[in-house]
Amino acid sequence: MALRTRRVKRVFAYEKTNTEKYVLVPDRATTVTFENLCSVAARSTTLSPEVIQLVTNALAYAMKTFIQEGHPVQIEGIGTFTPSFSAKSQLVEEEANIASIRTVRLNFLPSVALKEALKRMNFVFDKTDSTQDSVTQEEPNATEPKPENPDVV
């Protein structure tokens, strides 16, 4: 399996020359559904997809609870989810309050195992432009990927 890539022509706004340049971008397919993810996960366990869905839903509920309390949540093999927010700075101390919070976000820091899996990722290059028929060619990584253990992410 590999990530499909394609070449596109773009003008980068930060460059003053407005010169068109070519750059590779991921050619993403459809989003993997929750049901499909649980079905694939069930194949490497003795659990049914339905049980995996129930456990995952319970895990998501617990994560929401801890995150709403301000706790970072670490999931082994995946990474850490940390709640954060941005707030408007104020000249007067009393005005720096909850009302000054602008946006709330959830930061994600991938685990070392997930980062290593990304480093071993393979790519497939679409040689033609997106307006022409697709012809693919595998391009090997600088380092040859090692066989991955399906039990370790």
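Q: Is asparagine 36 buried, partly exposed or exposed, and why?
A: Asparagine 36 counts as partly exposed because its relative accessibility is 39%, where buried means under 20% relative accessible area, exposed means over 50% and partly exposed lies in between (1.4 Å probe, protein chains only).

Q: What kind of model is this, and how are residues numbered?
A: This is a predicted model, in which local features need pLDDT of at least 70 and side-chain atom pairs count only at pLDDT 80 or more, while totals for chains, interfaces and linings use all residues. Residues are numbered from 1 along each chain as its sequence is written, and side-chain values use heavy atoms, with hydrogens and water left out.

Q: OK, which helix is asparagine 36 in?
A: Asparagine 36 sits in helix α1, helices being DSSP runs of H or I with at least four residues and strands runs of E with at least two, numbered from the N terminus.

Q: At what angle do α1 and α2 pack?
A: Helix α1 (residues 34-43) and helix α2 (residues 49-68) pack at about 115°, with their axes 8 Å apart; axes are lines fitted to C-alpha atoms, for helices over the stretch in contact, and angles run from 0 to 180 degrees between N-to-C directions.

Q: Which residues of α1 make that contact?
A: On α1 they are Phe34, Glu35, Cys38, Ser39, Ala41 and Ala42, which meet Pro49, Ile52, Gln53, Thr56 and Asn57 of α2, contact meaning heavy atoms within 4.5 Å.

Q: Switching topic, where is serine 111?
A: Serine 111 lies in the loop between β5 (101-110) and α3 (112-119), and it counts as buried because its relative accessibility is 14%.

Q: What does serine 111 touch?
A: Leaving aside neighbours within four places in sequence, serine 111 is in contact with Gly77, Ile78 and Gly79.
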